Amino acid sequence: MALAFAVPHASQTRPVLQRWDVKASKPVTAVSGHSQALLAASTSAVALAACSRRRERLAKASISKTQRRAFFDFGSQPTKKTVVITGASSGLGLAAARELAKSGEWRVIMACRDFIKAETIAKENDFPKDSYLVLHLDLAANSSVRQFVASFRALNIPLDALVCNAAVYFPNAHKEGAFFPGLFPGGGPRWSADGHELSFATNYLGHFLLCNLLLEDLKKSSVKPARCIILGTVTASINDKEVGGMIPPVADIGRLEGLEAGMKAPVTMIDNGRFNGAKAYKDSKVCDVMLMRELHKRYHASTGVCFSSLYPGCIADTALFREHYPVFRFLFPILQKGVTNAYVSEEEAGKRLAKVVADDNYAQSGVYFSWGGESGTGGAGGADAVENVDASADRFLQYGSFRTLKESEIGGEAGDDERSKRLWSLSEKLVGQQFS
Ligand SMILES: NC(=O)c1ccc[n+]([C@@H]2O[C@H](COP(=O)([O-])OP(=O)(O)OC[C@H]3O[C@@H](n4cnc5c(N)ncnc54)[C@H](OP(=O)(O)O)[C@@H]3O)[C@@H](O)[C@H]2O)c1
């Protein structure tokens, strides 16, 4: 068999065509010039085609290698359950991710906005290999939420729990200055990729979209019941009884006037009031509890998925307070440890959250789990919360160190059914998608 190749000849700039005896592995003729142009073109095409086939083969081999790696690690652990935790690169999310990843029973999908930070911190915390995967998610961009869901589905693994934990807090954003104008100025409102005030977008709206999109995956959970947990806070009013909810500025979402007006600049607040960074955070957290209740009402009976909220306790030294005045960041943990006894370490709070994800005692839907301060599970404690129900009042006048507020006990704005429904439909408008 003979093939032809265009090869350069030492004495010529124009290629010399050689016929090649494949069996003998040597050239059989050597001809040159334009008369062989046609043959040259056709033989070059053969060579190119061979080349491109080889490239294709290599590409396929490398894709299947990558896929094998991505799918193999998780697929080889069929008994492990899967939890997605948003904001797992810091504070509570990181502590819960560590607890679950090290339990050997869970694979943690760290849904984070800063990929490198998350990957680095997982390694620094000795997350066992194959117990976690970082996937990029920026809750302040609806398209990023959609991309995250597509990336998760490409892993082809079931989803057993979703933890909506990520949040931002800009307590001073509305201020001119801490002590006089100009000293520690707040910087005003910030905006998401879709043009909404950033704490509303990150803490609530991104999670609204994520929960709705991942509901399909939770329905296919390998363990029952699948769980969806949305972080709340005592400083947002949950039932108009908790002292923490009375600290100004008090959460107030009004009649959702800001949302009705489209929630884009110059509108910053859900009630369309004057911008206040601390209140924007609290308002977004009230919406998170309303979201949990709506999800419960719409989907729990038909899907079996359990939706709950959690106040993890006051974790006074997480990065949540990164935008607060340095003096506040210094004094707040001291106050919570020494005066109110409400301080909870990241580690302890992470254990609490991990329990709500994994422990049968917390497989309830429509409820709000809340821990108080000094009476057992806070800075003074560490004992399992469910064992501390008899504790007496703490200095926030909360009775019992651990409380489960049933759906009917969630009150105030968070318990307002009509407003929750309206919030749902206005949120659908903002993300441009209807869910039910
Ligand atoms: N700390 C407390 O005392 C306290 C009390 C009650 C409730 N909570 C709740 O607990 C949860 C965790 O707070 P924390 O104290 O652990 O705060 P944190 O340490 O600041 O953690 C917040 C996490 O959210 C992530 N995040 C922020 N914006 C994001 C975005 N656009 N997309 C994706 N992720 C984003 C952060 O990412 P980076 O790592 O990249 O910054 C970080 O990992 C929050 O829901 C908070 O409301 C906290």
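**A buried loop residue and its surroundings**

Reply: Start with Met263. The model is predicted.

Met263 sits in the loop between helix 6 and helix 7. Its phi is near 55°, a positive value in a residue other than glycine. Most residues other than glycine have a negative phi, and most peptide bonds are trans.

The loop between helix 6 and helix 7 also holds Pro266. The peptide bond from Ala265 to Pro266 is cis, with omega near 10°. Helix 7 covers residues 277-303.

Now step back along the chain. Pro249 lies in the loop between strand 8 and helix 6, which spans 257-260. The peptide bond from Pro248 to Pro249 is cis, with omega near -5°.

Asp126 has a positive phi of about 55° and is not a glycine. Its loop runs between helix 3 (115-124) and strand 6 (132-136). Asp126 counts as exposed, because it has 10 C-beta neighbours inside 10 Å and the limit for exposed is 12 or fewer.

Next, the strands. Strand 8 covers residues 227-231 and runs parallel to strand 9, with five bridges joining them. Ile229 stands opposite Ser308 in strand 9. Strand 9 is joined in turn to strand 10 (residues 367-371) by four bridges, again in parallel. Here Ser309 has Tyr368 as its bridge partner.

Strand 9 spans residues 306-311. Six of its six residues are buried, so the strand is largely enclosed by the rest of the structure. Cys306, Ser308 and Leu310 point one way, while Phe307, Ser309 and Tyr311 point the other way.

The nonpolar core comes next. The largest one has 107 residues, and Val108, Met110 and Val163 touch the most other members. Helix 5 (residues 198-219) gives this core its largest share, twelve residues. Leaving out residues up to four places away in sequence, Val108 touches Val83, Ile85, Ala88, Ala97, Leu100, Ala101, Ser131 and Tyr132. In soluble globular proteins, nonpolar side chains tend to be buried together.

Last, the ligand. It is surrounded by 30 residues, the closest being Gly87, Gly91, Ala166, Thr318 and Leu320. Helix 2 (residues 91-103) supplies the largest share of this shell, three residues. By type, the shell divides into 16 nonpolar, ten polar and four charged residues.

Note on methods. Residues are numbered from 1 along each chain as its sequence is written. This is a predicted model: local features need pLDDT of at least 70, side-chain atom pairs count only at pLDDT 80 or more; totals for chains, interfaces and linings use all residues. A residue is buried if 20 or more other C-beta atoms lie within 10 Å of its own, exposed if 12 or fewer, and partly exposed in between; C-beta atoms are placed from the backbone. Helices (H or I, at least four residues) and strands (E, at least two) are DSSP runs, numbered from the N terminus. Two strands pair if DSSP finds at least two bridges between them. A residue is near a molecule or strand if its C-beta atom, placed from the backbone, lies within 6 Å of it. Ala, Val, Leu, Ile, Met, Phe, Trp, Tyr, Cys and Pro count as nonpolar, Asp, Glu, Lys and Arg as charged, and the others, Gly among them, as polar. A nonpolar core is a set of buried Ala, Val, Leu, Ile, Met, Phe, Trp, Tyr and Cys residues joined through C-beta atoms within 7 Å. Two residues are in contact if their C-beta atoms, placed from the backbone, lie within 7 Å.
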